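Please open the model in your viewer and keep the selection tool at hand. The tour below goes from stop to stop, saying what to select and what is to be found there.

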Amino acid sequence: MDTKYLLAEALKICMKKAPLEKITVKDITDTCGISRQTYYRHFQDKQDLVNWYFEKILNESFEHMGTGKTIYEALINKLTFIQKEKLFFTAAFKNDDQNNLRKHDFELILAFYTNKIKEKIGDNLSEELMFQLEMYCQGSVYMTVKWLLDGTKESCQTMAKLLTDSMPEVVKKTFVELHLI
């Protein structure tokens with residue numbers, strides 16, 4: 001198994017015993033038997049590890065969008081994985097340290113959607129579209145975190161539908177035109 005994934009698995013084990021803010025890099029490295037020096041070759045700090053792990057999940061969830069997979073389907077994949085890894089994501093989303101996962105999730109999703117639109121239209125986004133896309137991404141992250149921290153009462157399909165149905169009209173129209181919805 002790749003060293004980064006070993007460290008992520010060790011972090012998840014540590015999260016069963018303590019909140020993220022109480023876990024140290026030493027706790028993580030002791031859990032998986034990897035030296036601190038090796039840890040720091042891969043990550044700057046524990047939040048960097050959390051963000052890396054999440055980015056892997058997000059990329060896997062959204063990688064096929066625009067080639068037959070819709071935003072709705074990609075959101076179901078993302079939410080299903082978050083639900084499957086509930087312990088990890090609950091701890092990670094509760095953490096408000098610098099470089100926290102909520103901020104990282106927003107930045108990744110905004111960059112992803114922006115790049116998808118630019119790939120299709122080959123142009124910069126209008127100010128109105130960019131504003132509404134940023135607002136949608138912030139709201140989407142907020143509602144995903146709320147869904148998780150409230151106990152994932154809605155199914156992944158219901159939550160994905162709520163998130164896609166809540167897109168501002170300018171964003172929705174753009175995604176429809178680009179065949180992403």
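Throughout this tour, a residue is called buried when its relative accessible area is under 20%, exposed when it is over 50%, and partly exposed in between, with a 1.4 Å probe and protein chains only. This is a predicted model, in which local features need pLDDT of at least 70 and side-chain atom pairs count only at pLDDT 80 or more, while totals for chains, interfaces and linings use all residues. Residues are numbered from 1 along each chain as its sequence is written, and side-chain values use heavy atoms, with hydrogens and water left out.

**The whole chain**

Begin with the protein chain in a cartoon view, where 10 helices and 0 strands are found; helices (H or I, at least four residues) and strands (E, at least two) are DSSP runs, numbered from the N terminus. Along the principal axes, the C-alpha trace of the protein chain spans about 50 × 35 × 30 Å. The radius of gyration, taken over C-alpha atoms, is compared here with a globule rule of 2.2 Å times the number of residues to the power 0.38. For 181 residues that rule puts a compact globule near 16 Å, and the 17 Å of the protein chain agrees with it.

Now switch to a surface view. The accessible surface of the protein chain comes to about 9,600 Å², computed by the Shrake-Rupley method with a 1.4 Å probe, and for residues only the protein chains shown count as cover. Carbon and sulfur atoms account for 50% of that surface, and 45% of the 181 residues count as buried. If contacts are drawn (heavy atoms within 4.5 Å), 66% of those in the protein chain with a separation of 6 or more are between residues 24 or more positions apart.

**Lys12 and its two partners**

Next, select Lys12 together with Glu9 and Glu85, which are linked in a network of salt bridges. A salt bridge is a side-chain nitrogen of Lys or Arg within 4 Å of a carboxyl oxygen of Asp or Glu, and a search of the whole structure finds 9 of them.

Glu9 counts as partly exposed at 33% relative accessibility.

The salt bridge between Glu85 and Lys12 also has its closest N and O atoms 2.9 Å apart. This pair links distant parts of the chain, since Glu85 sits in the loop between helix H5 (71–84) and helix H6 (86–94) while Lys12 is in helix H1, 73 residues apart. Both Glu85 and Lys12 are buried, Lys12 with a relative accessible area of 11%.

Tyr53 is buried, with a relative accessible area of 6%. To check a distance, pick the C-alpha atoms of Tyr53 and Lys4, which are 8.5 Å apart in space although 49 residues apart in sequence.

**Thr114 and Met130**

Move on to Thr114, in helix H7 (residues 101–121), which counts as buried at 9% relative accessibility. Beyond four places in sequence, Thr114 touches Leu125, Met130 and Leu133.

Select Met130 from that list: this residue is in helix H8 and is partly exposed, with a relative accessible area of 22%. Leaving aside neighbours within four places in sequence, Met130 is in contact with Leu110, Thr114 and Leu125.

Continue to Thr152, in the loop between helix H8 (127–149) and H9, where phi is near 50°, a positive value in a residue other than glycine. Most residues other than glycine have a negative phi. Thr152 is buried, with a relative accessible area of 11%.

Finish in helix H9 (residues 156–165), where Asp165 and Lys161 lie 4 residues apart, about one turn of the helix. Their salt bridge has its closest N and O atoms 2.6 Å apart. Asp165 counts as partly exposed at 42% relative accessibility, and Lys161 is partly exposed with a relative accessible area of 46%.
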